2 protein chains.
Amino acid sequence: MPATRKPAHIDAEHAPLQLEHFLPYRLSILSNTVSQTIAMDYQSRYDISMTEWRVMAVLARFEGLSAREVAERTAMDKVAVSRALSRLVAAGRVDRTTHDNDKRRSVLQLSAAGWTMHDEVAPMARARERELLARLDPEERVWLTRILDKLLSKSH
Amino acid sequence: MPATRKPAHIDAEHAPLQLEHFLPYRLSILSNTVSQTIAMDYQSRYDISMTEWRVMAVLARFEGLSAREVAERTAMDKVAVSRALSRLVAAGRVDRTTHDNDKRRSVLQLSAAGWTMHDEVAPMARARERELLARLDPEERVWLTRILDKLLSKSH
DNA sequence: ACGTTATAGTTACAATTGAAACCAATTGCA
DNA sequence: TGCAATTGGTTTCAATTGTAACTATAACGT
C-alpha cells in the first residue's frame, strides 16, 4: 500500500501533469476497461477479436457492403478490415462474393452461422452497455450522450 | 459518397447493433482520436511513445518510484513499463538506480534532459486537453467530470 | 538457519499491428 | 482507343505487444 507520496516538486516550477485528472488519460482507461469487458464475453465463447466483431456488427446492419465501406463504418483501416474479413470468411461467418459491375469490389454479408453468432453476441454487448449506464442517473445519461455527440462531431 | 443504405433487416428479427450509437464504440473512437492527436505532438518532435510519455509524466510527479509503482500509477503492466524504462534510460531521460534496502527494486527519476522534455511536452498536452474541453459548455464540462468519476470508480 | 513462497524486474517467443509495396480492375482523358 | 492515374483489396516485412518463463532478491514460517 504505497500511501500518499511526496510530489517531486511542490513549487510550480515544472507543473507536472496529474494523470488521474487528465481527460485524455481518463478516457483511455475507461474505454479500454469497457471494451475489454465486452471482448471477454465473445473472445472466450467464440474465437473472435474486437475488430472482427465490429465488422460483423456493421454487416448485420448493412448487407452487401464492400470492404472499403466496412472500413468507413467501423473506423478501421483497410488492412485491418481485410485481415478481419479473411478470418471471418475462413470461419464461415461471412460470405464474400464479387461485385457484378466492378470486379475489384467485394460484396459482403453474414452467413447463416454469422447471423447465429451475431444474435447471441449482440444482446450480450447491449447488456454490458446497460450495466455501464446503470451506474449513472437518468440525467447523467442524457448529458453523456449529448457530450459525446459534441466531442465526436467532425466539425470543430 | 455512399448515401443512406438499406438496412439488412427492417424487422426486429436480428436486432443488429447500431455501432454509431453504441456507447463502448463511441468511447473507443473518442479516446483513440484524442490520444493520437496528443501523441502526434511528441512522437514527431521527440522519439517517444505514449507509454513512455506516461511513465515520464508519473515520474515528474513522484520521484523515486519503483517500476512496479509506475505500473500501478499508469495502469500499464510491468512488462510494458520495463520496456518503456529501458528506452527512457537508454535515451538519457530517466535515471535508474537500485534501492538501498531492496536490491530488486529500482529507484527512478527524470534526468535533467527528461525534465527539459517534460517541461516542453506537458504544456502541449494540457493545451490539447483545453482544446477538447473548449468544445463543451461550462455546464457540460462539470457533468463530464462527474460522469467520468462515477464510471471510473472501482466500487460498482 | 533453511527451505518455501512471494515479489521486482527482464527476457524470449509468439501473436498482432502498422506501413509500404504491390496487384488487378476501373476511371479519366488526351 | 490507349495510357496515366485512381481505387479496392491483399501481401510483405518490420515494429509493437502479450504471455509465459526466467533470474535475482527478499520475506515468511517452522
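Q: Before we start, how are residues and chains labelled here, and which confidence limits apply?
A: Residues are numbered from 1 along each chain as its sequence is written, and chains are lettered from A, with ligands numbered from 1, in the order in which they are written. As the model is predicted, local features need pLDDT of at least 70 and side-chain atom pairs count only at pLDDT 80 or more, while totals for chains, interfaces and linings use all residues.

Q: What does chain A average in pLDDT?
A: The average is 91, and 92% of the residues score at least 70; pLDDT is the predictor's confidence in each residue, from 0 to 100.

Q: Now the helices: at what angle do α6(A) and α6(B) cross?
A: Helix α6 spans residues 138-152 in each chain, and the two axes come within 10 Å and cross at roughly 115° (axes are lines fitted to C-alpha atoms over the stretch in contact, with angles from 0 to 180 degrees between N-to-C directions; helices are DSSP runs of H or I, at least four residues, numbered from the N terminus). The two helices are therefore roughly perpendicular to each other (65 to 115 degrees).

Q: Which residues make that contact?
A: Glu140(A), Trp143(A), Leu144(A) and Ile147(A) meet Glu140(B), Trp143(B), Leu144(B) and Ile147(B) (C-beta atoms, placed from the backbone, within 7 Å).

Note on methods
Angles under 35 degrees count as roughly parallel, over 145 as roughly antiparallel, 65 to 115 as roughly perpendicular and the rest as oblique. Two residues are in contact if their C-beta atoms, placed from the backbone, lie within 7 Å.
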